[in-house]
Amino acid sequence: MNRSRGRIKPPRTRRGLVTDQVDFPEVWDVLSQSLREIHNKNASSLSFEALYRNAYKLVLKKYGDRLYTQVKELVTEHLQQVADEKVKPLVPSVIITGNAVLGNRASAERRSGGNRFLEHLKAVWEDHQLCMSMITDVLMYMNRIYCADHKLPTTYATGMGLFRDHILRNPEYSIGKALNTVILDQIQMVRDGDIINHGPVRSCVYMLESLYETEDEIESEKVYLTSFEGEFLKASEEFYRQEGARLLQECDASTYLQRTEKRLKEETDRCVDTISSLTQPKIQALVEEQLITNNIKEVLNMDSGLRFMLDNDKVDDIRLIYHLISRVDPEKTVLKEMTCNRLIELGKGIHANLSNPVEPLPTTSGDPSTSGAAAAREEKAANGQTALAIRWVDEVLALKDKYDRIWEVALLEDKGIQTALTRAFTQFINDLRDAPEYISLFIDDNLRRGIKGRTEHEVDLVLDKAVTLFRYLSDKDIFERHYKSHLSRRLLMNRSLSHDAEKQMIGKLKMEVGVAFTSKLEGMFKDMNVSEEMTSEFRKYQQDLQEEDGAASKIELSASILTSTFWPTKVVGSGDVKTCTYPEEIESVRANFERYYLNRHNGRKLIWKANMGSADLKATFKGRKHEFNVSTYSMVILLAFNHLGPGDSLSYEELKTITSIPEEDLIRNLQSLAVAPKTRILSKKPMSKDVQPTDRFAFNEQFSSKFTRFRVSVVALNRAENEKEKKETNVMVEKDRAHQIEAAVVRTMKQRKQLSHQELVIEVVGQLKNRFAPDMTSVKKRIESLIERDYLERVEGSRETYKYLA
């Protein structure tokens, strides 16, 4: 509902108010006396209607200017009297004389004296407000007509200005200065732990908020802002500067942070219950600058600082640091840097632990060897290095879990800090050259035995952790090479606990880096499935033949048919075929399978890899039957003793001739069969840890084992590479990378036709970043090689620009 502005109607003329002449001195004398009665709190006996009519007559008869001036002088006179008689006696003498500092007086005296002064000033202010409100009602017509027409402040606004000038800024008594000093002193007492009455302070602050520098009443010109707030902030800055220095000397980091948080809350509450909310953002910024911005680095670098908190999982303290730093730095730069530096430092400590030996991983049999005791020691060292690798991954994952929890609970899942932590993990993990191999070994260990007895959810968590570490790797192509090698051994030696877990792992890798990365790994599984079907069909085919011939074979063949492009070179070889002469009964089955396979797949070629196979044999020792698993080479060696009589033996040279096994592999297998204490199926003369060309071997009639089924391990489990193998791997990796860089260059140039050197390098790096980080020198060399082979040419007049040659 719209309401129009009300108009004051003149009194009716029947009483002659309009036509009568007005004697200003006479009317003012009556009016002024009444206004004084209002100041003297005797207003109850006055007729406000009569007073209003007197003021109305004066304004109506054009005496508005004189009335306005006289009222102003009357109020001024009254306020001066109040200053002399009521306010001056309560102003602390030390403020007026300047002879001493208020803070030196006893706390109780300061509190009571200051409280009396504020209470009395509050009463004077409230009395003045009430009087001016009543006077304004009397002079309503003057305010509405005369003040509006002449653009003068109303009586009430003028009265507020007079209070400001004649009470607070009284040039003789410095009441405003006293007020500021007393309020600041009361606040100082609270900061020092004393208790005060907040009511009078709040009332006097409200008074300052109600007064303005001019009658225009501009918000930014409140007396509170112009006269008090600056002094308050200046005193607070000095207090918190000293407070910060004191806390640094007296407190540990945790206590400092708690005191800072407490001070911030105190100042927020003070702006609500004591001083103005207008000051809250300013005092908060001041405290933040003095206690956080200026000192936080020193606090975090204390012995009890951030490093101690991170190492001891002090999540509450870290969360407090996060909140405090967030106030002054949205990027949390100091917190990010120090947290990441500590993370990298701990990561390097994990690297350093690789020099501390651990117990080698257990093997199923004795120590396998390549050439006697020295080779055995080398194999044991390699197993020890594998244990170190797995421990390294476990420690890195423990560190990751620790910092993930800190990030979630203490750092409130801050995305900026998460990015910084990811960079820190990436940095220290890639500082270790062997990290790709170690992560692959960790996955291998879990898929072989680590996930045994775990639920599907627990297995998924382990694989996710492995993928997280994989994500940090910059040399993912090296990881791929090791992972293929380890996976091939698990599949061929049937050492994987779960093919579902294997496929799940490959699926996770595919999601990370795409199908191109995992296509060969999936091809290996496809080969194993096809081989299983082929073996089943061959057994049925062989059974049909045996039924026709009427002869049953005791030998069952399981063949793994591997596509050479899917499997590692170490498994399928690079054209070299290790020789082996199979016993007649084995050779017959092998030849049957080869004929069967080639009849079904015309034009293909099978290369038998005896060094990668295994066999299950049955034997009787001391009347007890045993079934044991051996390598294919060990099977060939053992079957050579089948046709010997009791007590007969074969020399090393005879075994070498009969089996045609390469000497290095023959020594390894003989050591497992005749030297390893738990699997000594053969006896050796003379007995020693080394296998010599002069040794003789016989069937060990005295062999016994508490296990009905056991394994004679010769082919080493997946283990960390030795230095020689690492060099070979590095050569192969560099060779593969050269091909990939060239392929990326040709692919890019074929599409773009012409590019500058810088643009081409950027394109190539972008394409290869998911596999490895190519260095600029390698890219430049491959470009030069392609130019030499006429795939590219330089554009005439611009040697830094290349053109594709179709």
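Visitor: At what angle do the axes of helix 16 and helix 18 cross, and how close do they come?
Guide: This is a predicted model, and in it the axes of helix 16 (residues 333-352) and helix 18 (residues 415-430) come within 9 Å and cross at roughly 25 degrees.

Visitor: What makes helix 16 roughly parallel to helix 18?
Guide: The cut-off for roughly parallel is an angle under 35 degrees. The crossing is at roughly 25 degrees, so helix 16 counts as roughly parallel to helix 18. The handedness of this crossing is right-handed.

Visitor: How does helix 3 cross helix 6, left-handed or right-handed?
Guide: Helix 3 passes helix 6 in a left-handed crossing. The axes of helix 3 (residues 64-87) and helix 6 (residues 140-149) come within 10 Å, at roughly 115 degrees. On the helix 3 side you'll find Gly64, Asp65, Leu67 and Tyr68, facing Met142, Tyr146 and Cys147 of helix 6. Five of the residues in this contact are nonpolar, one is polar and one is charged.

Visitor: Why is helix 26 called largely enclosed by the rest of the structure?
Guide: To be buried, a residue needs a relative accessible area under 20%. Eight of the eight residues of helix 26 (residues 632-639) pass that test, so the helix is largely enclosed. They are Thr632, Tyr633, Ser634, Met635, Val636, Ile637, Leu638 and Leu639. Their packing partners are helix 25 (584-600), strand 1 (614-621), strand 2 (624-631), helix 27 (652-659), helix 28 (663-674) and strand 4 (682-685). For the chain as a whole, 47% of the 806 residues count as buried.

Visitor: How do you know whether Ser276 is buried or exposed?
Guide: Its relative accessible area is 0%, and buried means under 20%, so Ser276 is buried. You'll find Ser276 in the loop between helix 11 (253-273) and helix 12 (280-293). Beyond its neighbours within four places in sequence, Ser276 touches Val205, Glu209, Tyr224 and Cys271.

Visitor: What does the side chain of Ser276 reach?
Guide: It reaches the backbone nitrogen of Leu278, at 3.0 Å. The limit for a polar contact is 3.5 Å, and the distance from Ser276 falls within it.

Visitor: Why does Ser174 count as partly exposed?
Guide: Partly exposed covers the range between buried, under 20%, and exposed, over 50%. Ser174 has 30% relative accessibility, so it belongs there. Its place is the loop between helix 7 (155-168) and helix 8 (175-191), and its phi is near 50 degrees, a positive value in a residue other than glycine.

Visitor: Which peptide bond is cis, the one from Lys685 to which residue?
Guide: That's the bond from Lys685 to Pro686, with omega near -10 degrees. Pro686 lies in the loop between strand 4 and strand 5 (696-699).

Technical notes
Residues are numbered from 1 along each chain as its sequence is written. This is a predicted model: local features need pLDDT of at least 70, side-chain atom pairs count only at pLDDT 80 or more; totals for chains, interfaces and linings use all residues. Side-chain values use heavy atoms; hydrogens and water are left out. Helices (H or I, at least four residues) and strands (E, at least two) are DSSP runs, numbered from the N terminus. Buried means under 20% relative accessible area, exposed over 50%, partly exposed in between (1.4 Å probe, protein chains only). A polar contact is a pair of N or O atoms within 3.5 Å; within protein, one must be able to donate a hydrogen and the other to accept it, and residues adjacent in sequence count only if both atoms are side-chain atoms. Contact means heavy atoms within 4.5 Å. Axes are lines fitted to C-alpha atoms, for helices over the stretch in contact, and angles run from 0 to 180 degrees between N-to-C directions. A crossing is left-handed if the near helix is turned anticlockwise from the far one by less than a right angle, and right-handed if clockwise. Ala, Val, Leu, Ile, Met, Phe, Trp, Tyr, Cys and Pro count as nonpolar, Asp, Glu, Lys and Arg as charged, and the others, Gly among them, as polar. Angles under 35 degrees count as roughly parallel, over 145 as roughly antiparallel, 65 to 115 as roughly perpendicular and the rest as oblique.
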